[in-house]
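Let's take a walk through a protein chain together. Have a look at the sequence and the 3D picture below, and then read on.

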Amino acid sequence: MKIAKTYTFYTFLILLLATILMSTVWFNKKTEEQRHVWQEQNAVFERYKAVLKLESNLIRKTVFDYSFWDELVDFVETVNEAWSKENLESIITTFDVDYIYVFDKQKKLIYAYHPHHDTPLLPDIKTLSTSTPQFKEFFQESKGHFSQFFVAPIHYSADIERKGEPLGFFLIGREWDASFLNAMEEISLGKATLSKEKEHFRFLLPLKNLNDSEIGYLRFNFTPSVLLFMTSLQNSILISGLIVMVTVIFMFYLLTKDTFLTPIQRISNALKTHKPFYLLSLAQQKNELGEIATLILEYEKQLLLLELSARMEREI
């Protein structure tokens, strides 16, 4: 049975090498694919941050311009509803924001406009310095919701260097809710979620409060649909290839079992036991193994005749 065992060993070895080869190719392709995924994710993440920065810059510039407006200084001193309706309320629709607040120099709220919120989030600016002018962009969290605020100290337009004490504070805010994130996804094609916990995530954007402490995180995720399809296709091809390989080898084994392995086993048993009846059916086959079986039968026949002849001579 050494031939049969060798045959089985080589068959297993071929299967093993083929599996290793397929696995190596698949692993290399998978590694390359993951690299492309990371590069594309990083590119989309940078685009996402660029869109956020562009929108923030527009709002920041608006806050800056309004805070230098002499009419806003007059509004702080004497609140004028007609003026605010004409000059402040339009900011909501123009920049798609949610809140407009005006505080006096003692940081007391004197004006608030939030048409989309019945219970608005009131920004806490108690820690904002009044001795040195500060333009700040910060986040505030309430009940799992995050809002982004832009604040600037109010000065007369003549105070170009802003050396004087702030005469008030002007704020614009927007809530980072589902509609905001969906709008960002349509623009940048990247999906993001908000979380209060800093998790082990590849693409994170920290959200800082007025004191520059991290109070939340924007988790960004982007998986290209084409690469998802390619991943699924590669996995299907790998599984299908392994199934086909095992099936082919198993069928090859079944086909060669009766034509190769079993005849060799019969020949081996016949030679070991000198019982030729193992080979009677095999000798009828018209192939090389049948010829070998016929020769063995003829050999056993001649050997038996020689033994009979030798026995008869001894008896005489």
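Helices (H or I, at least four residues) and strands (E, at least two) are DSSP runs, numbered from the N terminus. Counted that way, the protein chain has seven helices and eight strands. Keep in mind that this is a predicted model: local features need pLDDT of at least 70, side-chain atom pairs count only at pLDDT 80 or more, and totals for chains, interfaces and linings use all residues. Residues are numbered from 1 along each chain as its sequence is written, and side-chain values use heavy atoms, with hydrogens and water left out.

## The chain as a whole

How much of the chain is tucked away? Of the 316 residues in the protein chain, 35% are buried (buried means under 20% relative accessible area, exposed over 50%, partly exposed in between, with a 1.4 Å probe and protein chains only).

Now for contacts, meaning heavy atoms within 4.5 Å. Among the contacts in the protein chain with a separation of 6 or more, 58% are between residues 24 or more positions apart.

Let's zoom in on strand β3 (residues 136-142), where K136 is found. Is K136 buried or exposed? K136 counts as buried because its relative accessible area is 17%. Setting aside neighbours within four places in sequence, K136 is in contact with L128, F149, F150, V151, L210 and D212.

With D212 there's also a polar contact of 3.3 Å between the side chains. That term covers a pair of N or O atoms within 3.5 Å; within protein, one must be able to donate a hydrogen and the other to accept it, and residues adjacent in sequence count only if both atoms are side-chain atoms. D212 itself lies in the loop between β7 (204-208) and β8 (214-221). At 48% relative accessibility, D212 is partly exposed.

Most residues other than glycine have a negative phi. You'll find K107 in the loop between β1 (99-104) and β2 (109-113), and K107 is partly exposed, at 23% relative accessibility.

## A look at L17

Last stop: helix α1 (residues 2-67), which is where L17 is found. Why does L17 count as exposed? Because its relative accessibility is 51%.
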